[in-house]
Amino acid sequence: VPASSTLLADHGAEVIKIEPPITGDPYRTLKVGDGRETAKANMAMEQNNRGKKSVAIDLKNEEGRELLLRLLDTADVFITSLRPLALRGLRLEPEDLMARNPRLIYARGNGLGFKGAEFNKAGYDASAFWARGGFADLLTAPDADVPTRPRPALGDHTSAVSLLAGIASALFRRERTGKGMVVETSLLQNAAWVLSSDLVY
């Protein structure tokens, strides 16, 4: 999700990133340990957040929620990677936001999808896309002692392009109909698509 909104910014969109007060996005302090951090910048954070504006809003109180809703009154797209039950608790589900702005494109992404028993479980690039998606198995030599390591953000960036395409399609549909819609994808879903030729072989 952060990468797809970066691609939107790359294509000229005004993107406003909402972060929690005081701590900010947890990614700001994440140490991925692969050399992308320097004394001056967290390159992983910069890579997926360039071109964005940022504002700190506490969505857990009514004043903060109202500030977000006022931003969304004139927004084209709301994009989120918060888990579904967190969105429910914040009253930021599609029906909540689209009742106020029926033209809104509500875009969301997660690790394992939005249906089934695991809809609210956390999923990450290495787990949901690389391991469960099948890449680790397919790209590991049969005689290897350990699975092939994932490349950084492979699933995140592949899925970002998928979500971007969904958003662009939804915006085109809105131009024709005047109506917003929900667009969603997951890391596991995109792994299945990328490896679909292997799956049907």
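**View 1. The largest nonpolar core of the predicted model.** The largest nonpolar core comprises 13 residues, and those with the most contacts inside it are Leu-59, Leu-68, Phe-78, Leu-92, Leu-97 and Tyr-106. A nonpolar core is here a set of buried Ala, Val, Leu, Ile, Met, Phe, Trp, Tyr and Cys residues joined through side-chain atoms within 4.5 Å. Two or more residues of this core come from each of α3 and α5 (94-100), and α3 gives the most, with 3 residues. Helices (H or I, at least four residues) and strands (E, at least two) are DSSP runs, numbered from the N terminus. This is a predicted model, in which local features need pLDDT of at least 70 and side-chain atom pairs count only at pLDDT 80 or more, while totals for chains, interfaces and linings use all residues. Residues are numbered from 1 along each chain as its sequence is written, and side-chain values use heavy atoms, with hydrogens and water left out.

View 2. Leaving aside neighbours within four places in sequence, Tyr-106 is in contact (heavy atoms within 4.5 Å) with residues including Phe-78, Leu-87, Leu-92, Leu-97, Met-98 and Met-181. The contacts of Tyr-106 also include Thr-80, Glu-93, Pro-94, Val-182 and Val-183.

View 3. Gly-64, Arg-65, Leu-68, Leu-69 and Leu-72 are buried in α3. Seen down the axis of α3, these buried residues fall within an arc of 140°, so they line one face of the helix. The arc is that of the directions from the helix axis to the C-beta atoms. The cut-offs are under 20% relative accessible area for buried, over 50% for exposed, and in between for partly exposed (1.4 Å probe, protein chains only). Cover for the buried residues of α3 includes β1 (16-19), β3 (77-80) and α5. On the face turned away from the buried side, α3 carries the exposed residues Glu-63 and Arg-70.

**View 4. A nonpolar surface patch that includes Leu-71.** Ile-16, Val-55 and Leu-71 form a nonpolar patch on the surface, with about 190 Å² of accessible area together. Patches are made of residues with over 30% relative accessible area and no salt bridge; like charges are joined within 9 Å, and nonpolar side chains (Val, Leu, Ile, Met, Phe, Trp, Tyr) within 5 Å. Accessible areas come from the Shrake-Rupley method with a 1.4 Å probe, and for residues only the protein chains shown count as cover. Leu-71 is placed in helix α3 (residues 62-72) and counts as partly exposed, at 35% relative accessibility.

**View 5. Helix α9 and its packing.** In α9 (residues 187-194), the buried residues are Leu-187, Asn-190 and Ala-191. Seen down the axis of α9, they fall within an arc of 105°, so they line one face of the helix. The buried residues of α9 pack against β4 (105-110), α6 (125-131), α7 (135-138), α8 (154-177) and β5 (181-186).

**View 6. Leu-82 in the loop between β3 and α4.** Leu-82 lies in the loop between β3 and α4 (84-89) and is partly exposed, with a relative accessible area of 37%. Not counting residues up to four places away in sequence, Leu-82 touches Leu-87 and Leu-90. Leu-82 and Leu-92 are 10 residues apart in sequence, and their C-alpha atoms are 9.9 Å apart in space.

**View 7. Salt bridges.** A salt bridge is a side-chain nitrogen of Lys or Arg within 4 Å of a carboxyl oxygen of Asp or Glu; by this rule the count comes to 12. Arg-100 forms a salt bridge with Asp-73, the closest N and O atoms being 2.7 Å apart. Arg-100 lies in helix α5 and Asp-73 in the loop between α3 and β3, so the pair ties together parts that are 27 residues apart in sequence. Arg-100 is partly exposed at 36% relative accessible area, and for Asp-73 the value is 36%. Glu-66, Asp-73 and Arg-100 are linked in a network of salt bridges.

View 8. The side chains of Glu-184 and Arg-108 meet in a salt bridge (2.7 Å, N to O). Glu-184 lies in strand β5 and Arg-108 in strand β4, so the pair ties together parts that are 76 residues apart in sequence. Glu-184 counts as partly exposed at 32% relative accessibility, whereas Arg-108 is buried at 16%. Glu-93 and Arg-88 also meet in a salt bridge through their side chains (3.5 Å, N to O). Glu-93 is buried, with a relative accessible area of 17%, whereas Arg-88 counts as partly exposed at 46%.
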